[in-house]
Protein chains: 2
Amino acid sequence: AQLALERDYEAQRELDTRYRVLMEMTRDPVMLVSMSSGRITDLNPAAAVLLGGARPELIGTAVAQEFDGRRRGEFLEALANIATVDAATPVEVTARRSQRRVLVTPKLFRAAGERILLCLIDPAERASLASDELG
Amino acid sequence: AQLALERDYEAQRELDTRYRVLMEMTRDPVMLVSMSSGRITDLNPAAAVLLGGARPELIGTAVAQEFDGRRRGEFLEALANIATVDAATPVEVTARRSQRRVLVTPKLFRAAGERILLCLIDPAERASLASDELG
């Protein structure tokens, strides 16, 4: 039983390391939000730059506080609604600290009984450029 | 003890889900390679597109087989050497299936006693465009 526990611990540490390295390395700005608390539980360096704050500062803050352009109570609900649709339309908002227009594309997932939103954040300018190219 | 085990299991499942959703959603092409086996242990849809194969096909194949332009035995070692440097220079190679020139930027990490390379893959064209803009 001791060995099994150690194996579990190792497996967990491996997943944890993989997750952390992946978050660090991806250049796509990514943010995780807990649906129950409405708070940012994690974000990568790329997302922190877009939002205009340091990572330790941003982790734990209420996500609705970090964006303007939506009534606070509505923001989380709006994201959750979009997240359930397959081809999600991003929400366009202003990041409060950096004052940059951004597009937030959420995806809802369940883990250990908790509902978590994984949000991709894009600068609004770059995205409209891409749609110009397409259209 | 039963409860503790269940908690561990839940925590592990949560990390696993988080990792999987993150891999699915990131548009940066990412590939994981085991240093001990030299095989691709995981890659995201974006990386599969660049390499020109289906994900289930690519997972488990020897990474050196998927790229031309380097002697097979050397490739993994070259990546591992680069990965230990802080400001890693990417390796330029050709993806065998898609015949696209790509830049592979590896980062070495240790998890549960195993050495794993997390590789970002970029199309060589886009990268040279970016350096033109900078320079």
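User: Which residues are linked with Glu57(A) in a network of salt bridges?

Analyst: In this predicted model, the network of salt bridges that includes Glu57(A) also takes in Glu66(A), Arg96(A) and Arg97(A). The general idea is that side chains of opposite charge can pair when their charged atoms come close.

User: How many salt bridges does the structure hold over all chains?

Analyst: Over all chains there are 19 salt bridges. One of them pairs Arg27(B) with Asp28(A), with 3.3 Å between the closest N and O atoms. This pair crosses between chains, since Arg27(B) sits in the loop between helix H1 (2–25) and strand S1 (30–34) of chain B, and Asp28(A) sits in the loop between helix H1 (2–25) and strand S1 (30–34) of chain A.

User: Which side chain of chain A meets Arg27(B) in a salt bridge at 3.1 Å, N to O?

Analyst: That side chain is Asp122(A). Asp122(A) belongs to strand S6 (residues 114–123) of chain A, whereas Arg27(B) belongs to the loop between H1 and S1 of chain B, so this pair joins two chains.

User: Are Asp28(A) and Asp122(A) buried or exposed?

Analyst: Asp28(A) is buried, because its relative accessible area is 8%, and Asp122(A) also counts as buried, at 9% relative accessibility. Arg27(B), by contrast, is partly exposed, with a relative accessible area of 40%.

User: Where do Glu14(B) and Arg18(B) lie?

Analyst: Both residues lie in helix H1 of chain B, four residues apart, which is about one turn of the helix. Glu14(B) and Arg18(B) form a salt bridge whose closest N and O atoms are 3.1 Å apart, and Arg18(B) is buried, with a relative accessible area of 18%.

How values were computed:
Residues numbered from 1 in each chain as written. Chains lettered and ligands numbered in written order. Predicted model: local features only at pLDDT ≥ 70, side-chain atom pairs only at ≥ 80, totals over all residues. Heavy atoms only, no water. Salt bridge = Lys/Arg side-chain N within 4 Å of Asp/Glu carboxyl O. Buried < 20%, exposed > 50% of the residue type's maximum accessible area, 1.4 Å probe, protein only.
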